[in-house]
There are 2 protein chains.
Amino acid sequence: MNVLIVFAHPEPRSFGRALLDRGVATLREAGHEVVVSDLYAMEFNPVAGAGDFTERRFPDALQYDREQKHASAHHAFSPDIQAEIDKLQACDMLILQFPLWWFSMPAIMKGWVDRVFVNGLVYGSGRRFDSGGMKGKRAMAAITTACYPEMVEADGLLAHLDINLWHLQHGTLGYAGFDVLHPFTAWSIHYTTPEKRAAYLDAYAQRLRGIAEETPMPAHRLAEFGSDWRLKPGIAPRTVGHRRVAQAQE
Amino acid sequence: MNVLIVFAHPEPRSFGRALLDRGVATLREAGHEVVVSDLYAMEFNPVAGAGDFTERRFPDALQYDREQKHASAHHAFSPDIQAEIDKLQACDMLILQFPLWWFSMPAIMKGWVDRVFVNGLVYGSGRRFDSGGMKGKRAMAAITTACYPEMVEADGLLAHLDINLWHLQHGTLGYAGFDVLHPFTAWSIHYTTPEKRAAYLDAYAQRLRGIAEETPMPAHRLAEFGSDWRLKPGIAPRTVGHRRVAQAQE
């Protein structure tokens, strides 16, 4: 596979960086091609704006997604965006690796999504979920976090991890058409031992060796929804944070 | 009340801007003080990094949240962050107004949260949820979106809006200690009529006139969780996207 790793961490001596390096080495040893977008090192601009387009369809007022659609058809993206689009289109698998900040991506990575997941290529004009522009590719979030796994169980302080990551795993990666794998998570990194950190690196390497064959998370097909955007009668919704659902049923 | 509106939209002639202006006017007419952080106009830097601190506790390697804690105790934030912290501490209510991009905030606003919701004032050392630094204040997301309401029903294409916004409303605003109000949402703004847009402005104004008395969304208290971070026996979890849960039970 061609694997694109998008990485966001402000500190090169972080555990996150060690995890990145181990991931890259492991994937290359397994015969994959790996490209890394190290957003902090690139000083990637995360702020979507008028400067993202080299020509405009609606010059009077910026309608960002409509200009994305126009730029997709006319190769009119700024060079920094086009370079990332090229990497995205060339990849078979996307890994987003980041420290979990406020239960989502750091802003520099959110801006990579805002600017690179463009209307007209990734989504739009019927492209979404199993018709999404990224159909046939896999994606995974690889996360480091200060929180404990018990906190993101169904009855945990923060509710299930699925729910916290829904906007990313379903609303972003799934929407774009990726087959989304279960996230890799290294927990409570601030409060752990060097041995435990080493074990996380090993677990990540182990996970990545089988990543091309891993079964993605379940997802609905577009055909399961009616013209009213609701699941057709008789189709049970995919559960979200399933243990929470199960508990609520008790 | 003192109301802080944090606003992120790249286009001053947008519907989002009209909604902001109507909101400000309405709140002032009702006797509230209003401060606006217009992030695009301010060219707010959303990228958390070493430059955010005027002195460092751990100069060798950046541990962002630990430096936040140190800076909170030593008044060592960069001036752009300190200015926003001052607004946040002075407010009785926070409104985050933004176009919903990938089911979350635009990067420029995510970075406002990353850099301004600091360890040592907003969270950390036991500050969270009903012990959070923002306890006693209210917060609300005010959203414009291209999607349709049916898509974020429990059985909709995107799953319930509660689930999509969980990372923000529970994991960020709730975690910080705010009483979180139901979001205000203007739907399918691209595809609507001038009359419908005017009706959204009126609905927002109507909503804001009663905002000081509105009942917040339900939330667990910290005391309902055990030392294992799980709900104590006999306490039913707050439902998330309740119609989805109800459907799963049928």
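Does B:Asp38 count as buried or exposed, and at what relative accessibility? I began my entries with this residue in the predicted model. At 15% relative accessibility, B:Asp38 counts as buried.

**Entry on B:Asp38 and its partner.** I looked up the partner next and found B:Arg17, whose side chain meets that of B:Asp38 in a salt bridge of 2.7 Å, N to O. B:Arg17 belongs to helix H1 (residues 15–29) of chain B and B:Asp38 to strand E2 (residues 33–38) of chain B, so the pair ties together parts 21 residues apart in sequence. I noted B:Arg17 as partly exposed, with a relative accessible area of 23%.

**Entry on B:Asp80 and B:Arg115.** I recorded a salt bridge of 3.0 Å, N to O, between these two side chains. The pair links distant parts of the chain, with B:Asp80 in helix H4 (residues 79–90) and B:Arg115 in helix H5 (residues 107–116), both of chain B and 35 residues apart. B:Arg115 is buried at 1% relative accessibility, while B:Asp80 is partly exposed at 31%.

**Entry on chain A.** I found A:Arg17, A:Asp21 and A:Asp38 joined into one network by salt bridges that share partners. A:Arg13 and A:Glu11 also form a salt bridge, at 3.3 Å, N to O. A:Arg13 is exposed at 63% relative accessible area, whereas A:Glu11 is buried at 6%.

**Entry on A:Arg207.** I located this residue in helix H8 (residues 194–209) of chain A and noted it as buried, at 17% relative accessible area. A polar atom of the A:Arg207 side chain lies 2.5 Å from the backbone oxygen of A:His182. Beyond its neighbours within four places in sequence, A:Arg207 has contacts including A:Met140, A:Phe184 and A:Glu214.

Note on methods: Residues numbered from 1 in each chain as written. Chains lettered and ligands numbered in written order. Predicted model: local features only at pLDDT ≥ 70, side-chain atom pairs only at ≥ 80, totals over all residues. Heavy atoms only, no water. Helix = DSSP H or I, 4+ residues; strand = E, 2+ residues; numbered from the N terminus. Buried < 20%, exposed > 50% of the residue type's maximum accessible area, 1.4 Å probe, protein only. Polar contact = N/O pair within 3.5 Å; in protein donor to acceptor, adjacent residues only side chain to side chain. Contact = heavy atoms within 4.5 Å. Salt bridge = Lys/Arg side-chain N within 4 Å of Asp/Glu carboxyl O.
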